[in-house]
Structure formats: C-alpha cells, structure tokens
Amino acid sequence: MLFKQQALLRQKLFVLGSLAIGSLLYLVARVGSLDRLQPICPIDSRLGPPHLPEQIPLRTLQYKRGLLHELRKGNATKEQIRLHNLVQQLPRAIIIGVRKGGTRALLEMLNLHPAVVKASQEIHFFDNDQNYARGIDWYREKMPFSFPHQITIEKSPAYFITEEVPERIFKMNSSIKLLIIVREPTTRAVSDYTQVLEGKERKNKTYHKFEKLAIDGNTCEVNTKYKAVRTSIYTKHLERWLKYFPVEQFHIVDGDRLITDPLPELQLVERFLNLPSRISHYNLYFNATRGFYCLRFNIVFNKCLAGSKGRIHPEVDPSVVAKLRKFFHPFNQKFYQITGRTFNWP
Ligand code: A3P
C-alpha cells in the first residue's frame with residue numbers, strides 16, 4: 001500500500017516537473033523571438049549609419065509576425081490583410097547572382113532579420129521574356145505579403161548573366177540595391193557542373209567529365225564557350241550592369257566565407273541595406289552532420305538548407321584546376337579593382 005502511494009506521488013511529481021520545464025521552455029522561446037522583433041528602419045542610403053528605428057510596440061510586431069506566417073500558409077482573411085495594412089511590395093533589394101555562389105543560403109539567412117521578407121521562389125521575371133511580358137503587376141503579385149516598414153528581397157541568379165536584365169531592373173527601380181554573392185571562380189564552376197551532372201544522372205543520362213567540357217580538346221585552352229566557365233568571369237557580367245547602375249548600388253558577398261563564418265558577411269549586408277543589426281550568433285549554428293551552418297529562428301524552430309545545397313564535388317584533374325585558375329586570374333584582378341573587394345583567390 002505504502003509502495004503504491006509512493007509510486008503515485010512520484011508520478012505526480014513527474015507530471016508537475018514536466019509542466020514546469022515545458023512552461024520554462026515556452027517562456028524562453030517567446031523571449032527569444034521577442035528579442036528578434038525589434039523595430040526596423042527603411043532603406044535610405046548605402047552604408048549610412050543604421051537609423052534609429054521608429055518605436056513599434058513589441059507585442060504588436062510579435063502579433064504581426066504571426067499573421068504573416070498565417071498568410072504564407074494561406075490562412076489569413078482579406079479583412080485581416082486590410083486591417084493590418086499588409087502589402088505586396090516590389091523588392092527593394094535583389095540577389096542577382098551568382099548561380100552556385102550561395103544565393104539560397106544568403107536569402108534564407110537574411111530572412112532571419114525581422115525587417116526582411118523573402119520571396120521564397122525564384123521569380124525569373126526579368127530574365128524570362130514570357131514572364132516579363134506579363135508586366136510589373138504580375139511580378140508584384142508574386143511577392144509575399146509584408147508590413148510597409150519591411151523590405152522584400154527576391155533572388156534569381158540567372159539575372160546576373162542575362163543580357164536584358166540590367167536595363168529591365170533599372171526601368172523598374174533605378175535606385176534598387178543589388179547583391180552579388182561570389183565564390184572562388186573554379187570552385188563555383190565545378191559546383192555548377194555538379195548540379196547539371198546530378199540532373200542528368202536523375203534522368204539516367206550520361207554526361208561528359210568536367211575536364212572535357214572546361215578544356216577545348218583542339219587547342220587545350222580553357223573553353224570559354226562552356227557556360228560554367230563563362231558565368232565565373234564575374235567582371236564581364238558586372239561590366240554590363242555598370243552601364244546602368246553605379247558601383248555603390250552593388251554589394252559583393254563572399255560566398256566562401258558565408259559557408260565557414262556567415263555572421264560577419266550578414267552584418268555587412270545589414271549595413272548595406274541600412275537595417276539595424278539584428279541577426280546574431282544565436283540565429284546561426286554549425287550542424288556537424290550537415291557540415292554547414294543552419295538557421296535558428298527561436299528555440300522551437302530551426303532549419304538547415306535542403307540536401308541539394310552542399311553537394312560533394314567530383315575530383316577534378318589538378319592540371320585542369322591550375323589552368324582554370326590561371327585563366328580566371330586577370331578577370332579576378334579586374335573584379336577586385338572595380339568592386340573594391342579583394343579575395344584570396346589563387
Ligand atoms: P555546393 O553545392 O557546391 O557546395 P546556390 O544556392 O547559389 O545554388 O549555392 C549553393 C551553394 O551554397 C552550395 O554549393 C553550398 O556550398 C553553399 N552554401 C553556403 N552556405 C550554405 C549553408 N549554410 N548550407 C548549405 N549550403 C550552403
């Protein structure tokens with residue numbers, strides 16, 4: 001009998017303990033997310049000191065964030081959209097490239113900032129003639145709902161290399177902020193190849209080796225007709241953009257550092273976008289299984305990028321790597337000179 005009573009008491013204590021721990025975790029989660037919901041300032045000028053944000057009651061913002069989440073799930077009503085002054089805004093910043101530079105990681109990480117709202121899909125408005133012909137209202141309708149003080153960001157890496165895009169973006173907004181994330185050009189080219197190779201393998205198709213594509217079999221020189229090589233000549237593409245936008249409207253992100261140490265890169269972007277610094281160490285943690293940094297929104301919600309980000313690259317003949325690096329070298333020097341950002345690329 002005594003034993004039974006003791007067991008019952010232990011059970012009760014266990015339930016009470018679990019409830020207490022649960023409540024504590026909930027409180028910590030709320031405080032964590034409240035901390036991220038500081039007021040925000042609008043984009044004004046490049047690299048100006050972060051503006052003192054207009055005071056917005058934290059509780060209101062917290063509620064609004066929840067509403068945005070419901071909207072994304074399609075659960076918010078038209079009345080709620082009207083009441084809370086929610087809008088679909090054209091992007092005030094675009095990640096224009098470079099493909100395989102880390103564009104998805106950059107977008108997702110920026111989305112940790114309470115003032116940033118991302119367009120989840122690549123819209124391909126400016127590089128696809130059919131989409132472009134649908135007009136700017138079609139583009140706006142592709143944007144997520146946001147509060148007027150927030151900024152919308154989209155990414156479509158094809159923009160960087162498509163000839164018509166700079167003029168088209170200029171016509172939409174000549175003062176838009178443009179983000180370009182780059183990696184060491186040869187590594188980027190191999191990453192590009194790996195993505196295409198995986199696509200072929202999925203369809204049970206065979207594909208050439210990287211070496212065969214990157215080097216012209218007749219001349220033994222670098223094959224500049226190969227798209228993965230051409231995309232990595234960053235300066236050539238940038239020069240086309242500079243016919244429309246001054247260099248101050250671009251910010252170059254180091255994609256190699258975004259992999260190994262993302263926070264400083266994100267802080268530079270926050271400054272460029274004139275946003276108060278809100279992304280912190282708390283929001284980024286290294287996941288050893290994944291081999292990459294993952295994102296922590298609060299104690300409950302965290303996520304890593306999909307498995308298609310961070311593929312294992314095939315081994316490439318070192319002499320081909322050396323040839324490519326030598327080929328890219330002068331273009332890289334020009335890129336550093338134009339952008340004012342220097343990398344330790346070989
Ligand atoms: P690899 O697959 O070559 O490793 P994009 O989004 O522009 O296609 O770029 C993909 C690249 O983002 C990946 O290239 C990967 O290295 C890089 N990346 C940067 N940060 C990452 C992260 N936190 N998780 C996964 N991949 C990341």
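Let's start with C220: at 44% relative accessibility, this cysteine counts as partly exposed. By that I mean between the two cut-offs, where buried is under 20% relative accessible area and exposed is over 50%, with a 1.4 Å probe and protein chains only. Before I go on, a word on the model: it is predicted, so local features need pLDDT of at least 70 and side-chain atom pairs count only at pLDDT 80 or more, while totals for chains, interfaces and linings use all residues. Residues are numbered from 1 along each chain as its sequence is written, and side-chain values use heavy atoms, with hydrogens and water left out.

Staying with cysteines, how many disulfides does the rule count? The count comes to one, where a disulfide is a pair of cysteine sulfur atoms within 2.5 Å. The partners are C294 and C304, with 2.0 Å from S to S. Their link is right-handed, with 100° about the S-S bond. C294 sits in strand β9 and C304 in the loop between β10 (302-303) and α15, so the bond ties together parts that are 10 residues apart in sequence. Helices (H or I, at least four residues) and strands (E, at least two) are DSSP runs, numbered from the N terminus.

Now, the chain as a whole. You are looking at 15 helices and 10 strands. Of the 346 residues, 46% count as buried. The chain exposes about 18,700 Å², and carbon and sulfur atoms supply 56% of that; these areas come from the Shrake-Rupley method with a 1.4 Å probe, and for residues, only the protein chains shown count as cover. If we take contacts (heavy atoms within 4.5 Å) with a separation of 6 or more, residues 24 or more positions apart account for 72% of them.

On to the ligand. Which residues are closest to it? They are K100, T103, S191, Y293 and H313, out of 17 residues that surround the ligand, each with a heavy atom within 4 Å of it. For polar contacts, we want a pair of N or O atoms within 3.5 Å. A polar side-chain atom of S191 lies 2.6 Å from a ligand oxygen. R183 has a side-chain N or O atom 3.0 Å from an oxygen atom of the ligand, and R104 places a backbone N or O atom 3.0 Å from a ligand oxygen. The protein covers 96% of the 570 Å² of accessible area that the ligand has on its own. Two or more residues of the shell come from each of α4 (103-110) and β9 (292-296), and α4 gives the most, with four residues.

T194 is in α9 (residues 185-202) and counts as buried, at 6% relative accessibility. What does T194 touch? Leaving out residues up to four places away in sequence, T194 touches R311, I312, H313 and P314. H313 is also one of the residues closest to the ligand. P330, in α15 (residues 318-339), counts as partly exposed at 48% relative accessibility. P330 and T235 are 95 residues apart in sequence, and their C-alpha atoms are 9.7 Å apart in space.

Note on methods
A polar contact is a pair of N or O atoms within 3.5 Å; within protein, one must be able to donate a hydrogen and the other to accept it, and residues adjacent in sequence count only if both atoms are side-chain atoms.
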